[in-house]
Amino acid sequence: MTLPGFPEAAPLAGLAGGVLIGLAAALMLLALGRIAGVSGLAAKAVGLGGSGIRRSGAWMFVIGLPLGALVVMLMSGGIDASFANPVTLAIAGLVVGVGTRLGSGCTSGHGVCGVSRLSARSIVATLTFMATGIATVAVMNAFGLEVL
Amino acid sequence: MRTGLISLATGILFGAGLALGGMTDPARVRGFLDIFGDWDPTLAFVMGGAVIVMAIAWRLVPRMAEPFAAEEFHLPTKSDLTPHLVGGAALFGIGWGIAGLCPGPGIAALVIEPAAAATFVVAMLAGMAVVRLAEGASS
């Protein structure tokens, strides 16, 4: 299925992926009583603070992420993806690392778990990172910076 | 043991959702952020699907004395809007826009494009370490 006017969009796959992400976060919440925030769990796994879950649990979650992507890759026969050059990736990673720790979360913790809880902090954080993300892409496009 | 298995299952489901929804493709993520250009709304469906499921899960929490597999809920209690929150989120969004990757997809993409994803993830952990060091120095 395609969206009229948006030939590139994959709304059904997007919705299905989103439901899976929601189910994952719901499992973490209802079974373990915790927020499935990737930046916090990744920080916890490597000993850089983060959520209160045990480090072994954080590692299991982090290891599960590529395993889940691998399952989709094997079932679908490959995943389309194009990545920026190493320097761009390193700069972006550094900024994302600093930002997510200062801001106490990322797309998953704030954007999914916090917004669905109607947390004021998460709604403000999500609106903020969406705005700066949109502005960053717009500015890069305006200067003709093609990274992908 | 049980916590570990549930955490692993959560990670696998989460990673599968990211890959299926297209979030592991930086081009699609940047296409979503490119609202002034050739906008790709796919990620709105990803976020919408995830938020709807989680909104239902949140409704169940007050009816539960404790989680299924843990002794108590450990949920964020902070409610203050601080400069750290807004500044950190602003920075995160800039990094997200630059390469089209946030933490979950960056880690999940380790099986899709290992070298590129590892570059992003190692730099992200370095950024987290910088904040950790700065916090240690100021306290």
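Colleague: How much space lies in the second largest pocket?
Modeller: This is a predicted model, in which local features need pLDDT of at least 70, side-chain atom pairs count only at pLDDT 80 or more, and totals for chains, interfaces and linings use all residues. Side-chain values use heavy atoms, without hydrogens and water; residues are numbered from 1 along each chain as its sequence is written, and chains are lettered from A and ligands numbered from 1 in the order in which they are written. A pocket is an open set of points on a 1 Å grid over the protein atoms alone where a 1.4 Å probe fits, with protein on both sides within 12 Å along at least five of seven lines. The space in the second largest pocket is about 440 Å³.

Colleague: Which residues that line the second largest pocket are the closest to its centre?
Modeller: The lining (residues with an atom within 4 Å of a point) has 20 residues. The closest to the centre are Ala27(B), Arg30(B), Gly31(B), Asp34(B) and Asp38(B).

Colleague: Which helix gives the most to the lining of the second largest pocket?
Modeller: Helices are DSSP runs (H or I, at least four residues) numbered from the N terminus. Helix 6 of chain A and helix 2 (26-33) of chain B each supply at least two residues. With four residues, the most comes from helix 2 of chain B.

Colleague: What volume does the largest pocket have?
Modeller: Its lining has 35 residues, and Ile35(A) and Pro76(B) are among the closest to its centre. The largest share, four residues, comes from helix 5 of chain A. The volume of the largest pocket is about 850 Å³.

Conventions:
Grid points are joined across faces, edges and corners, and a volume is the space filled by probe spheres set on the points.
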